[in-house]
Amino acid sequence: MFAAERRQLILEMVRANGAVSLRELARVVQTSEVTVRRDVRALEAEGLLDRRHGGAVLPGGFTRESGFPQKSHLATAEKTAIADLAANFVEEGEAIVVGAGTTTQELARRLARVPGLTVVTNSLLVAQALAHANRVEVVMTGGTLRGSNYALVGSGAEQSLQGLRVSRAFISGSGLTAERGLSTSNMLSASVDRALVQAATEVVVLADHTKLGTDTMFQTVPTDLITRLVTDEPPAHDDRAATELQALADQGVQIAVAGAAGSQGGDTGPARHQQRRDLPLPAPRRGQVPGAAAGLRTAVVGEQSPGAERARVADLRRR
């Protein structure tokens, strides 16, 4: 494929999806990430798109939200690995909330076998993934259906969450930075996500590496409310993603890194083959007593289920 044809295809993908990872672009145009990065630089010089670490976005600073059909084909291997790992943080008999998104949908497919689980969700896709799970109770919020991501939003959804208390919230978004935390491009979705988070004792964010360092319009979860981030291994050349992970850890976020290369995409097995990486411990959160961060890590490691040990979680340790 000639450079002009390749760049036109790259531009069409970014226009259709709003944001595309270099890995995905390289796969579609059937070339190396080095070549794609060069093409993206050329298109940026013409003002046709903006580079972001690990990918390309529409010009103009804040990315627009992609619809479900586009999102479902982006970073699929990474989402599978993240879902495999995140499922190991769910225990039998728990009550949790699961937000809308393609990564949380993948997580829901893996929760179908957890006995005694109660899942509260505003996502039709999450509910559908659990519809035939006999041992899982699904509670849906009210609200107005937002067709682009099959989620219930609005005051009805938010009011149905008032007075609710669960152990954990599993939530995704459009971007994640250490400065602002998790964000999304839609105001209604952001409002419901905030209500989901308020119902939970702990907040687990699911975000692949392409979202690290991306800042979108509406903040959903500030960094100091994020308990844990489950993400995939950034590419070796992606220094900005690594820097963002360290910045999140420095603010007290526990980081669990899934090895996408070791995941084969099934409901069982892949988590046992995920790569382990020893990374720095998170610093104490603002207002936390000295030594609390180390104690938090001890609790996480010591209380993991056998499934979590099989996943071999890599929690960050302070440099």
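This is a predicted model: local features need pLDDT of at least 70, side-chain atom pairs count only at pLDDT 80 or more; totals for chains, interfaces and linings use all residues.
Let me begin with P235, which counts as buried at 14% relative accessibility; buried here means under 20% relative accessible area, exposed means over 50%, and partly exposed lies in between, with a 1.4 Å probe and protein chains only. The position of P235 is in the loop between β14 and α10. Helices (H or I, at least four residues) and strands (E, at least two) are DSSP runs, numbered from the N terminus.

Residues are numbered from 1 along each chain as its sequence is written, and side-chain values use heavy atoms, with hydrogens and water left out.

What is P235 in contact with, leaving aside its neighbours within four places in sequence? The partners are R23 and H209, where contact means heavy atoms within 4.5 Å. The C-alpha atoms of P235 and L22 are separated by 9.9 Å, although these residues are 213 apart along the chain.

Buried in α10 are A241, E244, L245, Q246, L248 and A249. The buried residues of this helix pack against β10, β14 (228–232) and β15. After α10 comes G252, with a positive phi near 100°.

I turn now to the sheets. Seven strands form an open sheet with parallel pairing, in the order β6-β5-β4-β9-β12-β14-β15; two strands pair if DSSP finds at least two bridges between them. At the edges stand β6 (136–140) and β15 (254–258), each pairing on one side only. From one strand to the next, the twist averages 20°. Axes are lines fitted to C-alpha atoms, for helices over the stretch in contact, and angles run from 0 to 180 degrees between N-to-C directions. Within this sheet, β4 (residues 95–98) and β9 (residues 166–171) are joined in the parallel sense over three bridges, and I96 has R168 as its bridge partner in β9.

A three-strand open sheet has the order β10-β11-β13, with antiparallel pairing. Because β10 (175–177) and β13 (218–221) are its edges, each with a single partner strand, one side of each is left without a neighbour in the sheet. Direction ignored, neighbouring strands here are turned by 35° against each other on average. Strand β11 (residues 181–184) and β13 run antiparallel and are joined by three bridges, and T184 stands opposite F218 in β13. Across β11 and β13 lies helix α9 (residues 187–198), running at about 15° to β13.

Next, the interior. In soluble globular proteins, nonpolar side chains tend to be buried together. A nonpolar core, as used here, is a set of buried Ala, Val, Leu, Ile, Met, Phe, Trp, Tyr and Cys residues joined through side-chain atoms within 4.5 Å. Which residues touch the most other members of the largest core? Of its 26 residues, these are L111 and V230. At least two residues each come from α5 (76–86), β4, α6 (102–111), β5 (117–121), β12 (200–206) and β15, and α5 gives the most, with five. Leaving aside neighbours within four places in sequence, L111 is in contact with A87, V90, I96, V98, L117, L130 and V136. Apart from this core lies another, of 19 residues, including I171, V221, A241 and A249.

Two loop residues deserve a remark on backbone geometry. Q30, in the loop between α2 (22–29) and α3 (33–45), has a positive phi near 60° although it is not glycine. Q30 is exposed, with a relative accessible area of 73%. Y150, also not a glycine, has a positive phi of about 55°. It lies in the loop between β7 (144–146) and β8 (151–153) and is partly exposed, at 34% relative accessible area.

Finally, the chain as a whole. There are twelve helices and 15 strands, and 55% of the 319 residues count as buried. Of the contacts with a separation of 6 or more, 69% are between residues 24 or more positions apart.
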